[in-house]
Amino acid sequence: MAFRSSPSRSIFKKKSSPSLAPMTSAASYLSALSEADARARGLSKSPTSTPALSLSSSITESSEDTVLNELDDDNRDGLLFPSCAPTSEQVFTTVHTEFGHCSNEDYRYVSQHIPGATLEVVEKDPPYYILLTTYISYLILICVGHVRDFIGKRIYPGAYKHLMPHNGLAPLTSDFDSFYTRRLKQRLAECFAQPVTGVAGRTIVCLDRFSPDFGQSYILTGGRTRALNISSYNYLGFAQGRGGCADAVEESIRQYGVSTLGARMEGGSCDLHVMTEALVARFVGMEDALISSMGFATNSTFIPALVDKGCLVISDELNHASIRFGVRLSGASVRMFKHNDMKSLESLLRESISQGQPKTHRPWKKILLIVEGLYSMEGTLLNLPAILALKKKYKFYVFIDEAHSIGALGPHGRGVHDYFNVNPRDIDILMGTFTKSFGAAGGYIAGNKNLIDRLRLHGHSGPYAEAMTPPVLTQVIASMASIMGIGLPSSLSHPTRTLYSADGEAFQHPGPAAPAMLPSWINLPPALASGQEGETRLRRLAFNSRYLALGLIKLGFITYGDPSSPIVPLLLFHPGKMNLFHTLMKNRQTPIVVVVVAYPATDLVTSRVRFCVSASHTKEDIDVVLRACDEIGDVLDLKLGIRPSERWTVDEIIERAVELVKS
Amino acid sequence: MSFVGPSSSFDPLFAFLSFSLLKVEAAFYSLPGSSVIARYVKSSHQNDPGRTVLELILVVFAIRTLLQSRTRNEKQQKHFIEFDEKEIDELVAEWTPEPLTPQLTATEKSDLAAIPIISGANGAKPRVTKMAKPVLNLASYNFTGLAGNEHITSRAVETLRRYGLGSCGPSGFYGTIDVHTKFEETVASFLGTEAAILYAQSMATIESVIPAFCKRGDLIIADKHSSFAIRKGLEISRATVRWYEHNDLASLEEVLMTIEKEEKRRLRRRGCLSRLFGRSRIQVKYIVTEGIFERDGAMVDLPKLIELKQKYKYRLILDENMSFGSVGRTGRGLTELYNVPATKIDMIVGSAAIGLGAGGGFCAGTQAVIDHQRSNGMAFVFSASLPALLAVSATEAIQILSSTPSILESLHENTRAARAILDKVDGITIPSHPASPLIHIYLKGYTFNPTQIALEESILQEIVDEALSQGVLLTRAKRLRGQEVNEPKPSIKLSISGGSGGLTKKEVEKACAVIKSAVAKVLAKRR
Ligand SMILES: Cc1ncc(COP(=O)(O)O)c(C=O)c1O
């Protein structure tokens, strides 16, 4: 608390929050909730983001509950209490700041492909003056950077020591190599690596910081700001410190400890690994699956076991760094095709098959197509039906990285194949990570049993990488089971496929998990075990995604990607607007934290802000984001999409949200 | 293209060509500022050809057109054969790919079946499925006996309730949690370096650290029997790698001397050219090795290594995956064992999964080294950060280690007790350093021979199976045969444990006695 009045506070900070809030009891939380409800209902029909409410009177003494301890003393930012009445179930099982309470059944949607709907995304180009000024911005940045380097090296050689040879050693990084980091990225330092604390749920608590030296280093002020979190990969809202999943994880830590002490093949395998693998296979509808303790390493250590010299990997040009890492280690040849462009893919296939291997013209041993289900920077969806049609003709194997799509797409959350209602067995390899939708960590690869067994033996992770830890395994099991529901398949109301597991057992896909597949000590609460809560999360995510994407378009912004995608990129173009957008969002009455991305993660000109929608957001949260974008968009001249006459006002969008989503 | 012709008649032409080339070059360098451009182009070629191109293109605002034509280039290659559509269709129809993966062989299947599965918590005496009684565990990494430590588990539960499980984002995008920073500060002050960085997996750490600093054209000197992860890091970096004999610093010095000589010769030869290019660039040079080798438990002579690196002006990346948390008075690793300040090593890479019984890996070094990785360490930038509760567990583990020297004392005593028995067992040899709690067992009498790998492995597996039936869990060192370079000799890999959660000295002795009898039994059967 001594830090509170420290004079060195960031000037951008508009309000200071105490580093440790006064303690409250559960009772006072509930009474505050009902007060908030009453207030919200007393207000107009479209609740504003800030029901002014003071809690200080209701604060009593201590409680053991850490989450409640974190409560700030007021709700000025509108993040602490729901503005619409939650159900009592929600009040008792989840914390509104982690997982928003939203009881309105209208705000639900089913994520699925409507047959006949087009997947072609028309990319809207910005006006010419935007492109031109963007290029000029970069040009100025680069020139100024070089001038600063030139002068700086002569005037302050001390500051450039690490770029100069000293002691006979070459510089640690060449000045060319680090030019981008020093002269471009550093100007955006404010937007990156923001230290946070607590759960990365619906809201996140940022540790306030300021930089005495223009972004080279940061000093924490001791203050904290709770912000609406539309940045974390928390699609289904399973990032929670409370609730059935967290209870199961706690139990697993007590029973298993935090680690299994070693690599999978060398004494680090435990029964939970086996169960998780079986459950993952069942979830995605494959014969077998393997898991690895890191999503990045799943690609980087198992792709080399799939292909080698003499094989061709055809890769989407926007594939993730981990895929490139793995492919490079494999020694296979690589060709890239234009992002999600099926024509480019087909012509590349025709060329590579007819030409064969370079120089020798021997036929390729095999061709592996590696694509992502949902692209993390673009929000584009894989055109799975088209790929499978090409696969029939060109006989290549398909590897889909579902890092972002698993859990987030499809009426049952099973990823792209579920979204398009395609048989998963038509795909050779499904890969995904648990970092995103499941609020855990690590990744999986699923396929037929022979393939998976081979990868277990020949993937680098088996003997050399640490196994997944029991708490993470349990989070995966619990969250996955609550999406599937636990029970007998007889009661399924949706159409399913009968598939067979590796040991010949038939099961319905997509269907529930058999009770025997879970450890006996996991007791999920009824709402989770029945799959009802999981379904609600899927529906809420689908609603929120479409609402935000379509809302932004209606406001006049240029966005990329499919409206079903929970990743919504909003184009900013100018590098200078990134900082501004970020700061303006964060300094609002309801602070919002956003992710801005630029070259080299995107094209040079298409700098963007990327929203990651979550099931934990309430409709009101999305309203807040839309309102913020609307205001900032006017200030920063970002509404470059549809013509003003076609636009809706933000109030109209908020009013007609359900209609918009169903359109 | 073969070129056969009376070469003599072309001589004047060549002379003219090279003369005019020199002329052009000289003219170029006489332009003001040209050396800057030349240096720029040169270094950009080494790092990332795309970026120079991009910057140049920017100047002329022609970025789009040029980027698009990049993919077309393939067609203009000289090996391209023109086909018409019908021919292509036929070729496509004809082509039959190999199956995605071949069927597993019988050995592969039995290897897979032999992997022990622990049921319940792993630790010094876990239960293994299919076994009635708990076994003595010499297979899992539990050097410091922190598995199941009550203080750590209760802190982990607290953290779970405060932070949830996953971080749901890479550290750049709201994935930098205060507990990560806390771990980084703790490990840096534990080792005595300026700073440290936490990765989400220990194998991925070294695979990212090497390519973050070494690029195409740089030089790395590495041990011939470096671990698999180091090798992959070297491969990814595309640097030029020179090898020295395993753990043989005399051989390292030889290599360093040879390179120094080559450099001098090259400088002399390129005298005129380097004059044109201005001051010639110093090559980026690294030595990469392990503290305790994963492959055989040998230990590097750190003071000598540091002497060499300083004498020949190299930077040192030391992989302490196996030595961090296992040697030294409080487990700080080789620097503590040899009493060398950690600041003398440029990058120390260690594991929070092996040494600390949690998860993740770290790299410690100067602030500049760490900051560079925050934007260039691939597995750091492109992967979600470590779950908060694992970071907290690792931090707690360090705190326990630094306040309880008795843990490492008991580990070292157990190691000595194990070696006292194992060193006398007939039919095996032990390549590991006497102080290393990671002990490899080789079969004696098999000079290393690639054709015998399968045989050796099957004998070792029999020993492992026999020991298990007598209540001791061992593991063969599992290898990726065919993917390794310099195939490692088959071995059994023991991890001794100590501390309150490890095995007692008596139990270690008992387990080693079981190994002794299992070796004797299996080898007797073979004879
Ligand atoms: C497509 C893709 N694959 C793999 C990964 C790596 O996953 P993780 O963060 O779990 O290491 C990511 C993460 O961003 C991703 O987007």
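## A buried helix in chain A

A residue counts as buried when its relative accessible area is under 20%. This cut-off is applied here to a predicted model. In chain A, helix α13 covers residues 449–458, and nine of its ten residues are buried, so the helix is largely enclosed by the rest of the structure.

Which residues of α13(A) are buried? They are A:Asn450, A:Leu451, A:Ile452, A:Asp453, A:Arg454, A:Leu455, A:Arg456, A:Leu457 and A:His458. The N-terminal end of α13(A) is capped by A:Asn448, which has a side-chain oxygen 3.2 Å from the backbone nitrogen of A:Asn450.

## The interface between chains A and B

Chain A contributes 130 residues to the contact with chain B, and chain B contributes 125. Together the two chains bury about 11500 Å², and carbon and sulfur atoms account for 62% of that area. On the side of chain B, the residues that lose the most area to chain A are B:Trp95, B:Arg161 and B:Tyr174, which together make up 9% of what that side buries.

Six salt bridges are found across the interface of chain B and chain A. B:Asp89 and A:Arg350 form a salt bridge in which the closest N and O atoms are 2.9 Å apart. Helix α7 of chain B (residues 150–163) gives the most to the side of chain B that touches chain A, namely eight residues. Sorted by class, that side of chain B has 63 nonpolar, 33 polar and 29 charged residues.

## A serine that touches the other chain

A:Ser354 is part of helix α10 of chain A, which spans residues 342–355. Is A:Ser354 buried or exposed? A:Ser354 has a relative accessible area of 9%, and the cut-off for buried is under 20%, so A:Ser354 is buried.

Within chain A, a polar atom of the side chain of A:Ser354 lies 2.8 Å from the backbone oxygen of A:Arg350. A:Arg350 is also the partner of B:Asp89 in a salt bridge. Leaving aside residues up to four places away in sequence, A:Ser354 touches B:Phe83, B:Ile88 and B:Leu91.

## Two domains in chain B

The domain assignment divides chain B into domain 1 (106–146 + 405–526) and domain 2 (165–248 + 284–403). The C-alpha centres of these two domains lie 26 Å apart. In the contact, 27 residues of domain 1 of chain B meet 28 residues of domain 2 of chain B. The area buried between the domains is about 2300 Å², with 60% from carbon and sulfur atoms. B:Leu146, B:Pro405 and B:Asn486 supply 22% of the area that domain 1 of chain B buries against domain 2 of chain B, more than any other three residues.

How many salt bridges are there between domain 1 of chain B and domain 2 of chain B? The count is three. B:Arg295 and B:Glu484 meet in a salt bridge through their side chains, at 3.2 Å from N to O. On the side of domain 1 of chain B that touches domain 2, the elements giving two or more residues are α19 (405–422) and β13 (438–443) of chain B. The largest share, five residues, comes from α19(B). By class, this side of domain 1 of chain B has 15 nonpolar, eight polar and four charged residues.

Definitions and conventions. Residues numbered from 1 in each chain as written. Chains lettered and ligands numbered in written order. Predicted model: local features only at pLDDT ≥ 70, side-chain atom pairs only at ≥ 80, totals over all residues. Heavy atoms only, no water. Domains from an automatic or database assignment. Contact = heavy atoms within 4.5 Å. Buried area = accessible area lost by both parts, 1.4 Å probe. Salt bridge = Lys/Arg side-chain N within 4 Å of Asp/Glu carboxyl O. Helix = DSSP H or I, 4+ residues; strand = E, 2+ residues; numbered from the N terminus. Nonpolar A, V, L, I, M, F, W, Y, C, P; charged D, E, K, R; others polar. Buried < 20%, exposed > 50% of the residue type's maximum accessible area, 1.4 Å probe, protein only. Polar contact = N/O pair within 3.5 Å; in protein donor to acceptor, adjacent residues only side chain to side chain.
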